[in-house]
Amino acid sequence: MKKVVIDGNNLAIEDVVKVARDKWEVVLSEVAKERIVHSREIVDRYVKEGKVVYGITTGFGKFSDVVISKEDTEALQKNLIMSHSCAVGDPLPEEVVRAIMLLRANALAKGFSGVRLETVETLIEMINKNVVPVIPEKGSLGASGDLAPLAHMVLVMIGRGEAFYAGERVSGEEAMRRAGIPTITLSSKEGLALINGTQVMSALGCLNVYDAKRIIAVADAVASITLEALRGIIDAFDDRVQMVRPHKGQIVSAKNVRKMVEGSELITRQGEIRVQDAYTLRCIPQVHGAVRDAISYIERVLGVEINSATDNPLIFPDDGEVISGGNFHGEPVALAMDFLSIALSEIANISERRIERLVNYQLNDLPPFLTEKGGLNSGMMIAQYTAASLVSENKVLSHPASVDSIPSSGNQEDHVSMGTIAARKAREVLKNVTTVLAIELLTASQALEFRKGFKRGKGTDRIYRLVREKVKPLVEDRELYIDINACFDIIRSGRIEEVLKEEGIMLE
């Protein structure tokens, strides 16, 4: 069994994907175990002494001034989980929930949360035995952490709520029993430590950014086919042009396109057919590159977040202190996820305009809507409508969630991030972008049917042949949704990257 060892400090986004999607086993490091035990000793001491500390011997939020007796500390944590289980909507996908559990375990492994070792081990055992809590997708404000959705995760740990296990949706108690995992009774601070964090938005964020990194490389590849089909000018992709404005992403995108069209007889030089191309072709490096740089920034933010202690209060064992702070506030992730939606939307925006240049005979020398018998057949006309619809939807979804804030808990929690909403929206934008690129892949491949007699580029030819394994050239009208879905699957499956690697072409 392949393993990911967590210690609270060295988890990578790729590790999250391995656990979430490929079901790698999770192992807690020995150093992390020692830190967890050391941190717990502080909590036990404070409870024994009856010291007033937020969330340990007090209520929560606006009730932080209410002191709880030593005898009621366990009931306090149980009540917290039950009362906070207010999330609504469809369940989050299994891969997202597995990522949530991993990130929460990794945060606890840092040793600043004061939970018992057996509590963390229970969470890890649930991951390894694939007990997946049913976590409704809506209900988090993204400050005081992802309280409501994380409470649904903890319900299963205490034998309540619901979970998916062995393909069935069952009660949390039944799932734990069938998996052979003993449920737990929450002790002092544990309920708060388990739900007071940014793990839902961060889990969504990790999967989003991992997929976005793939999509931006695919976007370069698909745009290259369009460039070739429209007999685009390669001069704009010259490395010298990029080096006098040396944004890293721009340099990479231009390089990717050059690799794709190498050897093509369709690609032209400036002045051969026209002096310069429209922006959607000429500015591919600048637009795709800017998005690539945005994704790199977002990846750095998440890299910090998933290895951070994000609950409250924090236990500092070496100093013997407990400090209330605001690490649960999701603003860094909220802004990053809003940025991701905006950046990815630009990939769809420019892709849809390239689709228009492919199907609009007034902008090219190809048959109208890429069909020889126009009028009797509509060809690719309505495929562009669909792309335009998705692009418009993305513009709505890209309104920043983080600019909104609604006070909660009697105005004690008076500024929130809405980061989980931002992350959920980014996930939907990513799906729309993938579909728009699938439509461009379909239309560009169809356009190449009218460029017979010319040698295609090494990379573009290989992708063209990949498409033709699944989608036949369009001669007469047929149901295009089947073709769009086939191209979508080609992109999502990773086959484009695979076949290019077989040709020795490595997109960055």
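Guide: Across the interface of domain 1 and domain 2, the rule finds five salt bridges. Please bear in mind that this is a predicted model.

Visitor: Which residues make up domain 1 and domain 2?

Guide: The protein is divided into two parts by a domain assignment. Domain 1 covers 3-196, and domain 2 covers 205-503.

Visitor: How many residues does each domain give to the contact?

Guide: The centres of domain 1 and domain 2, taken over C-alpha atoms, are separated by 36 Å. For the contact itself, heavy atoms within 4.5 Å are counted. On that basis domain 1 gives 48 residues and domain 2 gives 43 residues.

Visitor: What share of the area buried between domain 1 and domain 2 is on carbon and sulfur atoms?

Guide: The two domains bury about 3,500 Å² between them. Of this area, the share on carbon and sulfur atoms is 58%.

Visitor: How many residue pairs are in polar contact across the interface, and which elements of domain 1 touch domain 2?

Guide: The rule finds 21 residue pairs in polar contact across the interface of domain 1 and domain 2, both residues being at pLDDT 80 or more. The elements that give two or more residues to the side of domain 1 touching domain 2 are helix H1 (13-22), helix H2 (30-49), helix H4 (94-108), strand E5 (136-138) and helix H8 (190-195). By class, that side has 21 nonpolar, 16 polar and eleven charged residues.

Visitor: Which residue meets Glu95 in a salt bridge, and how many residues apart in sequence are the parts tied together?

Guide: Side chains of opposite charge can pair when their charged atoms come close. The side chain of Glu95 meets that of Arg427 in a salt bridge, at 3.2 Å from N to O. Because Glu95 lies in helix H4 and Arg427 in helix H16 (residues 419-448), the pair ties together parts that are 332 residues apart in sequence.

Visitor: Which strands stand at the edges of the open sheet of three strands?

Guide: The strand order is E4-E6-E7, with antiparallel pairing. Each edge strand has a single partner strand, so one side of each is left without a neighbour in the sheet. The edge strands are E4 (132-133) and E7 (168-171).

Visitor: What is the bridge partner of Tyr165 in E7?

Guide: Strand E6 (residues 162-165) pairs with E7 in the antiparallel sense over four bridges. In E7, the bridge partner of Tyr165 is Glu168.

Conventions
Residues numbered from 1 in each chain as written. Predicted model: local features only at pLDDT ≥ 70, side-chain atom pairs only at ≥ 80, totals over all residues. Heavy atoms only, no water. Buried area = accessible area lost by both parts, 1.4 Å probe. Salt bridge = Lys/Arg side-chain N within 4 Å of Asp/Glu carboxyl O. Polar contact = N/O pair within 3.5 Å; in protein donor to acceptor, adjacent residues only side chain to side chain. Nonpolar A, V, L, I, M, F, W, Y, C, P; charged D, E, K, R; others polar. Pairing = 2+ DSSP bridges.
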